[in-house]
2 protein chains.
Amino acid sequence: MAAFYIGMDLGGTTFKALAVTPEGTILDRVQAPTEASQGPEAVVQRMVEAIRGLAARVTTAERRLRAVGFGVPGILELPQGIVRRSPNLPGWHDVELAALLRRALDVPFTLDNDANAATLGELWRGAARGKRDFFMLTLGTGVGGGVVVAGTILHGANGYAGELGHTVVDPHGPPCGCGSRGCLEQYASGTAIARMAEPFYGKTTAREVALAARRGEIPAQQLYRQVGYYLGIACASLANVFNPECLVLGGAVAQAFDLFAGSLRQTLRARSFGPIVDRLELVVAQCGTDAGGLGAAYQAMQAYPPAASSPRSQP
Amino acid sequence: MAAFYIGMDLGGTTFKALAVTPEGTILDRVQAPTEASQGPEAVVQRMVEAIRGLAARVTTAERRLRAVGFGVPGILELPQGIVRRSPNLPGWHDVELAALLRRALDVPFTLDNDANAATLGELWRGAARGKRDFFMLTLGTGVGGGVVVAGTILHGANGYAGELGHTVVDPHGPPCGCGSRGCLEQYASGTAIARMAEPFYGKTTAREVALAARRGEIPAQQLYRQVGYYLGIACASLANVFNPECLVLGGAVAQAFDLFAGSLRQTLRARSFGPIVDRLELVVAQCGTDAGGLGAAYQAMQAYPPAASSPRSQP
């Protein structure tokens, strides 16, 4: 009997689930609105229904669902599986998500932060294949982070580790939703780029600013160079701390990599130890919006390897 | 046959070796000037002589030297054991220290950065006993760092990880010896404290400023509060990244902990995620200047456990 896994990427507006083979081939997928305002029980109910529907489509006489992995936005306490708070899931405070899932699901599952799941997705099937020490920044609405140390996701004492987007890059910088000031998220997220562009372009988006930069508009080009500068400050500190093989940049903002790669590299070179920066590869994520689902599935597979119950399953 | 270990802490001006039992009891010690200017071969020769002398004093019919651990200042490439550069050992560039030691020593040995060794010393016999996730800052002439992740020192891809003193806390801050600006080392080292105090006290030392603060002098007290503020910025970022159980502060400056603990705690609280800072203990190192030697010995013992060759050695 062959196994498949489901990786569920829970987002603030939609959740997406992928059915994946142990080799990482995506068999099928499903997506639905999260409707977080209806509360955790309702969201769990909807996710479990989506998982059942997807599993039913993919299950065959030869292939059964082995385990499900969840990637969840917010500050997740591990191993208890409690969502302490989540900027993307309003009203979720100290939600015992693992307990809710245990009641609703009849297969084993794993839980992790969504940025950690995306990092594992890139490790398994993307830009960090074969790496043992790297970190990933997901530059989206916010800035998510994940760190792999000696092949394993860094969880810290309570599962909260990896909040790289809240590395302070300027102590006097703009206030951040986390309570600090001048966090990387205030300079390198899509939201921050739109905010920094407002004096020049009025209400806009990071994507529109990138288009303006590509048309040759100086303020938009300078703005992306500034993004690279602040990213460089955070990444120089993080490189000095982790001495990683590579740094993976994902999320929508990373699609403008060419617009900020120069100032990022220059700042990294100026502010990080030579022997460290000499070995540091900068790469753009390859799994796109599938990274979270793939990584969640990978984590479920690590915890619940393909069953070896039948000799036929071992080729 | 019982074993003992020697932990060698190589510093810029002196080296210190401890003979230590597998239980962490210090049997004897030796200290001598490094005389780094005479070059790596001469320094290795002098260290090996000191180790032989110390071992001869401690060896008995029942107790033999099993292995030696070295803690070395500077950017050390592992597992090759090459000192890429070292601010404390002038002229040491790309020194193949492991190869030199292999030729000169007839016992097995381990090599690590001195700040990593000190961190392991505190893990084994000091303020971090029993911890699995923590980091240590050694506030001395510079600011050294070591990180323990799931019980193991963080080495990164090439052994260079843990340069926490070169976390940028203000991108526009004073230039740092590392080539960057506004590194933590420029605000929280003894050298930095003396520099910041100069406008108020003329040429002075961090220790003299601490004494002035204890006498009630406002500028000196403010200055140590500022040290706590900048330490807090770096530690908030690092806590968000690592979610450690505790933060150990060592080095001479940490003896003034009471003078900066308030502003450090306040800044940490304001700039780090609540669930992270709620679990974070702040502790002062307990092994003093023995931390490096103890940690180096501990690392040698981890790599070369007490021999089980004779049944009598297993009680």
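**Which residue of chain B forms a salt bridge with Arg279(A)?** Arg279(A) forms that salt bridge with Glu77(B), and the closest N and O atoms of the two are 2.8 Å apart. A salt bridge here is a side-chain nitrogen of Lys or Arg within 4 Å of a carboxyl oxygen of Asp or Glu, and two salt bridges are counted between chain A and chain B. This is a predicted model, in which local features need pLDDT of at least 70 and side-chain atom pairs count only at pLDDT 80 or more, while totals for chains, interfaces and linings use all residues. Residues are numbered from 1 along each chain as its sequence is written, chains are lettered from A and ligands numbered from 1 in the order in which they are written, and side-chain values use heavy atoms, with hydrogens and water left out.

**The contact between chain A and chain B takes 45 residues from chain A and 45 residues from chain B.** Contact means heavy atoms within 4.5 Å. The two chains bury about 3,800 Å² between them, with 57% of it on carbon and sulfur atoms; buried area is the accessible area (1.4 Å probe) that two parts lose on being put together, summed over both. Of the area that chain A buries against chain B, 17% is supplied by Val241(A), Arg271(A) and Phe273(A), more than by any other three residues.

**Polar contacts between chain A and chain B number 26 residue pairs, both residues being at pLDDT 80 or more.** A polar contact is a pair of N or O atoms within 3.5 Å; within protein, one must be able to donate a hydrogen and the other to accept it, and residues adjacent in sequence count only if both atoms are side-chain atoms. Among the elements that give two or more residues to the side of chain A that touches chain B are helix H7 (218-242) and helix H8 (257-271) of chain A, and H7(A) gives the most, with seven residues. Helices (H or I, at least four residues) and strands (E, at least two) are DSSP runs, numbered from the N terminus.

**The largest cavity is lined by Thr167, Ser237, Leu238 and Val241 of chain A and by Thr167, Ser237, Leu238 and Val241 of chain B.** About 50 Å³ of space lies in this cavity, a cavity being a set of points on a 1 Å grid over the protein atoms alone where a 1.4 Å probe fits but cannot get out, with lining residues having an atom within 4 Å of a point.

**A cis peptide bond runs from Leu78(A) to Pro79(A), with omega near 5°.** Pro79(A) has its place in the loop between S5 and S6 of chain A. In chain B, a cis peptide bond joins Leu78(B) and Pro79(B), with omega about 5°.

Notes. On a 1 Å grid over the protein atoms alone, a cavity is a set of points where a 1.4 Å probe fits but cannot get out, and a pocket is an open set with protein on both sides within 12 Å along at least five of seven lines; lining residues have an atom within 4 Å of a point. Grid points are joined across faces, edges and corners, and a volume is the space filled by probe spheres set on the points.
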